[in-house]
Amino acid sequence: MKKIGYILCSVLCITVMAAGCGRENESQGPSVPTGALQSSVTPDPGLTPNLTETPSEAPTEAPQETLTLTPTNIPTPETTATSTPTPEPTKEPTKEPTPTATDVPKQEYTYTGMGFKEYWTTANLNMRTLPNKSGEVIDLAPKGSKVIVIRKCNETGWYEVEYNGKTGFMSNDYLTDKAPAAPTATPAPVTEAPTATPTAAAAETPTATPTSAPQETQAPTEAPQETLTPTVAPTTAPEQDSYLIVIDPGHQRKANSEKEPIGPGAAEMKDKVSAGTAGEFTGLSEYILNLNVSFYIREELESRGYGVVMTREVNSVNISNAERAEIANALRADVFIRIHANSASDATVEGVETLCQTKYNPYNGSLYEESSRLAALVLEEVVEETGAKKRRVWETDTMTGINWAMVPTTILEMGYMSNEKEDRLMATEEYQRKIAKGVADAIDRYFGRE
């Protein structure tokens, strides 16, 4: 029995030693047959194979294992496929809006050829990228500019034109095939020196006003230069295609008694500008009243789509009457309207009146018909809006600011500051806005915009 136990004990020791040698060979690798594992499977540290050993007598067969890879550790085609499609849905929607965004407007219009004819603008006119106001503004053609009309849009009536090296669209409402008349032709009756219109140059040099030196804070030479700059029109006018109205708030805080010709080349001289009158009962200065009303007129006109420039926007300026007219001339205004108030020694005198030149005016008589029509409309509409007494259209050639103007012009005398009723009314915002509305209504009628 002892012998049998000894034998069994020896066999057990041999078996244990054999198993230890097999594991040593397994960890070293060279003793494992290459055919036991498929070459397509690359060992991954994350994979945990289950090794089921089948001990046999032959030690070389011990490494024959059954590799069972757990499914959770295998990167199957299904799991890789499901990880990539997720970004695709976010890319597709961004491609749809882009193809036809710019093509739609162009496909809506048809055109008729115009034969590359010459046309001229009748107002400061925007050139746009489309044949309507929704197009972007690509240039601004001042009044009187020549353009070449290429074709007409059948749907909107706008013209496709060439201007300033660009091609775009302009409203046909502000284009004409008639060339504008030269504005310098009207001063012809002046025989002394027709070229004496350069006396405007003298008027444009306020440096000749040292006598107004007591105006310490006025800086006379700066204010007129800012206002007289012709390039103010494009920066002041609104985006809309429109007529240009120049408003002159009459007078200023300090008078300038220096002399200037009453008209281009005239021998007769008058003071450059006065400070105006004042309310007998309110004490309101006329130059302040004129500016306040002018602001309301500008507001009303701009709300109706007009371009508006004011000869002054503050009271401390030094701009002569001739210079104010020259501003309207330089900008080629469609209308020049001058705002004033009246005064008389008789306190019972009241009412509204307007002024324009006569048909015999030696400086701008050719503008009489247009100026007279403008003056009549302003008088009628202001009286209609305010309920004031209607006086007259006074035709006179004694006003420097009218004689120097080469565009349709009128002076509005809003009422008498020497009359208590009108003086107190004109001092109120409500009445001032009524005057402004009346002026705007008159300009609408003047341009046929009723």
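Modeller: Leaving aside residues up to four places away in sequence, Ile-247 touches Ser-294, Ile-297, Arg-298, Leu-301, Val-308, Val-309, Met-310, Thr-311, Ile-337 and Ile-339, where a contact means heavy atoms within 4.5 Å. The model is a predicted one, in which local features need pLDDT of at least 70 and side-chain atom pairs count only at pLDDT 80 or more, while totals for chains, interfaces and linings use all residues. Residues are numbered from 1 along each chain as its sequence is written, and side-chain values use heavy atoms, with hydrogens and water left out.

Ile-247 also belongs to the largest nonpolar core, which has 52 residues, and is listed with Met-170, Ile-245, Leu-301, Leu-412, Met-414 and Val-439 as touching the most other members. Such a core is a set of buried Ala, Val, Leu, Ile, Met, Phe, Trp, Tyr and Cys residues joined through side-chain atoms within 4.5 Å, and buried means under 20% relative accessible area (1.4 Å probe, protein chains only). Helix 13, residues 429–446, gives this core its largest share, eight residues; helices here are DSSP runs of H or I with at least four residues, numbered from the N terminus. A second, separate core has 13 residues, including Ala-322, Ala-325, Ala-333 and Ala-405.

For the protein as a whole, 41% of the 450 residues are buried, and among contacts with a separation of 6 or more, 74% are between residues 24 or more positions apart. Cys-153 counts as buried because its relative accessibility is 0%, and Cys-356 is likewise buried, with a relative accessible area of 0%.

Notes:
Buried < 20%, exposed > 50% of the residue type's maximum accessible area, 1.4 Å probe, protein only. Helix = DSSP H or I, 4+ residues; strand = E, 2+ residues; numbered from the N terminus.
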